[in-house]
Amino acid sequence: MTDLQKNETLDHLISLSGAVQLRHLSNNLEILLKRDFLKLLPLELSFYLLKWLDPQTLLTCCLVSKQWNKVISACTEVWQTACKNLGWQIDDSVQDALHWKKVYLKAILRMKQLEDHEAFETSSLIGHSARVYALYYKDGLLCTGVDYNDELDILVSGSADFTVKVWALSAGTCLNTLTRHTELVTKVVLQKCKVKSLLHSLGDYILLSADKYEIKIWPIGREINCKCLKTLSVSEDRSICLQPRLHFDGKYIVCSSALGLYQWDFASYDILRVIKTPEIANLALLGFGDVFALLFDNRFLYIMDLRTESLISCWPLPEYRKSKRGSSFLAGKASWLNGLDGHNDTGLVFATSMPDHSIHLVLWKEHG
C-alpha cells in the first residue's frame, strides 16, 4: 500500500472505532510521538544537542521534568561557555557539574545589576580636617596623602617642577631625579615588565611617568644616570592632551585622551587599538582589564565592555573637583576588570576626596 492508501485505511478504521478504541489509540500514540529524547539518548549525545541552545532556553527546559533538570545541570561545558560569554573568569579545574549552573545564575544576576545601574552602593569616610589631595589603595587598605609603590622599598613622586624623583622608602633619601618632562608630571607607575623587547628584559622593573602630552618609559634602578627608554604620545604636534591617568600591567600601556582610549603593546611600543569613547566629554581612565574598563567624568562612573567597546553601566557621582594631578580619585580592587568570578566583585570600586574633607566611596553591592 502507498502512504495515501495507508492513511485512507486508518481514517476508515478511526471512523468505525468507538470510545474504547479511540482511547487505546490516544494512549499508544502519545508514547510513540512524544518520546523523551533526553532520557532515551546517550548522555554524550544529549550534551551535544544542548550546546546548540542558549542559556535562557536551557533554564526554561530545566522546568520540564526532574530528569531534564538533572541532565541540563550536568552539562558543564554549556554553563562554562555561558559564563565566559558574560565575561566571567573560569577555573577549568573545577569539574563539579552543578557548580557551573549556579555560577551562571550568579553571573547573570550581577550583569543584570550592572545593566540596571544597581550593582554599587556608596559610603563616606570622615575624619580629615583639611582637603585630601592624594589617595593610594593596596591590599584592601585605603591610604591618604601619598602616592607610592613599595615593592622595591622605593617611593616614586611626580612633581609640578617637571621632574620625577625616585626615593629609598626606608632611608628617605633621593636615589634619582629624572628631568626629561616639559610639563608637570601627573602620574607615575612602577611595575615589573612581563614581556621582552629590544630596550628591556623580562622581569625588569619599569617606571612610567606621564604629563599633559607624553608618557616616558624609564628603567628603574639605583644607577645615577637613568636614561629614558622611550617617549609615547598620541599627537606629534601636541594637539591632543592626555588625561592624568595611566594604566600599565607589564604588558600593555593604556591612557585616555579626548579622542578615546589608546592601548600600546609594551614589547613593540606600537598602538594596538584606539577605543572611541561615546559623545561624553573628558572621560578619564580608572582601570583597564581583559574584559572591562572603568571610566568616569564629573558626573558618572562608567563600565565599558571591551569586547564590544560599549558602555554597559553607569553610577552617579557627587559633585567634586578633580585635581590636575589626578591623584584625588582612584579605583579599588581591579581584578574584576579581567572578568568577574563571583568572588572579586566585593569591596571598593572607586574613591574620591570631597571638598568637605571626607572620602566618598563606591562599593560593590552584595548579591541579591
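Phenylalanine 120 and tryptophan 364 are both buried (under 20% relative accessible area; exposed is over 50%, partly exposed in between; 1.4 Å probe, protein chains only). The model is predicted: local features need pLDDT of at least 70, side-chain atom pairs count only at pLDDT 80 or more, and totals for chains, interfaces and linings use all residues. Residues are numbered from 1 along each chain as its sequence is written, and side-chain values use heavy atoms, with hydrogens and water left out.

**View A. Phenylalanine 120 and tryptophan 315 form an edge-to-face pair.** The whole structure holds 13 aromatic pairs (Phe, Tyr and Trp rings, the six-membered one for Trp, with centres within 6.5 Å; planes under 30 degrees apart are stacked, over 60 edge-to-face, the rest tilted). Phenylalanine 120 sits in strand β1 and tryptophan 315 in strand β18 (residues 310–316), so the pair ties together parts 195 residues apart in sequence. Helices (H or I, at least four residues) and strands (E, at least two) are DSSP runs, numbered from the N terminus. Both residues, phenylalanine 120 and tryptophan 315, are buried.

**View B. Phenylalanine 120 also pairs with tryptophan 364.** Ring centres lie 4.9 Å apart with planes at 70°, so this pair is edge-to-face. Phe120, Phe292, Trp315, Trp336 and Trp364 make up one aromatic cluster.

**View C. Histidine 117 has a positive phi, near 60°.** Histidine 117 lies in the loop between α8 (97–115) and β1 (120–125).

**View D. Histidine 357 has a positive phi of about 75°.** Its loop runs between β20 (348–353) and β21 (359–364).
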